[in-house]
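The following questions and answers go through one structure. Please look at the sequence and the coordinates first.

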Amino acid sequence: TPMGDLGRMLLILGGILVAAGLVLMLLGRTSLPIGRLPGDFLVRGKNTTFYFPLATSILLSVVLSVFLYLVGRFRR
């Protein structure tokens, strides 16, 4: 049924969000420099601050791409 499929999808998305939250909490307790990598731009002006995590974004993209590739390979 359409409502059952929607409910299942919401439960899966909720589980993914919980897992992502746990990973972020665990990474926060380690001394990994996520968010402070070379290539992350921080510009401080007189009244403003601009932060662009370019290297962190690229690293997370590569890690997620490899993870999703492996998940796709094992689901076959």
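Q: In which helix is the place of Thr56?
A: The model is predicted, so local features need pLDDT of at least 70 and side-chain atom pairs count only at pLDDT 80 or more, while totals for chains, interfaces and linings use all residues. Residues are numbered from 1 along each chain as its sequence is written, and side-chain values use heavy atoms, with hydrogens and water left out. Helices (H or I, at least four residues) and strands (E, at least two) are DSSP runs numbered from the N terminus. Thr56 falls within residues 54-75, which is helix α2.

Q: Is Thr56 buried or exposed?
A: Buried means under 20% relative accessible area, exposed over 50%, and partly exposed in between, with a 1.4 Å probe and protein chains only. Thr56 has a relative accessible area of 7%, so Thr56 is buried.

Q: Which residues is Thr56 in contact with, leaving aside its neighbours within four places in sequence?
A: Contact means heavy atoms within 4.5 Å. With those sequence neighbours set aside, the partners of Thr56 are Ile34, Gly35, Arg36, Leu37 and Asp40.

Q: In what sense do strands β1 and β2 pair?
A: Two strands pair if DSSP finds at least two bridges between them. Strand β1 covers residues 41-44 and strand β2 residues 49-52, and a hairpin of four residues joins β1 to β2. Val43 stands opposite Phe50, and Arg44 stands opposite Thr49. Over four bridges, the sense of the pairing is antiparallel.

Q: Which element gives the most to the nonpolar patch?
A: Patches are made of residues with over 30% relative accessible area and no salt bridge, where like charges are joined within 9 Å and nonpolar side chains (Val, Leu, Ile, Met, Phe, Trp, Tyr) within 5 Å. The nonpolar surface patch is about 1100 Å², and its residues include Val43, Phe50 and Tyr69; accessible areas come from the Shrake-Rupley method with a 1.4 Å probe, and for residues only the protein chains shown count as cover. At least two residues come from each of β1, β2 and α2. The element that gives the most, with seven residues, is α2.

Q: How many Å apart in space are Val23 and Gly7, C-alpha to C-alpha?
A: Val23 lies in helix α1 and is partly exposed, with a relative accessible area of 47%. Val23 and Gly7 are 16 residues apart in sequence, and their C-alpha to C-alpha distance is 24 Å.

Q: What is the radius of gyration of the chain?
A: From the N terminus on, the elements run α-β-β-α. The radius of gyration is taken over C-alpha atoms, and the globule rule is 2.2 Å times the number of residues to the power 0.38. For 76 residues that rule gives 11 Å, and the chain is well over this, so it is more spread out than a compact globule, with a radius of gyration of 18 Å.

Q: What share of the residues of the chain count as buried?
A: The C-alpha trace spans about 55 × 30 × 20 Å along its principal axes. The chain exposes about 7000 Å², of which carbon and sulfur atoms supply 73%. Of the 76 residues, the share that count as buried is 5%.

Key
A salt bridge is a side-chain nitrogen of Lys or Arg within 4 Å of a carboxyl oxygen of Asp or Glu.
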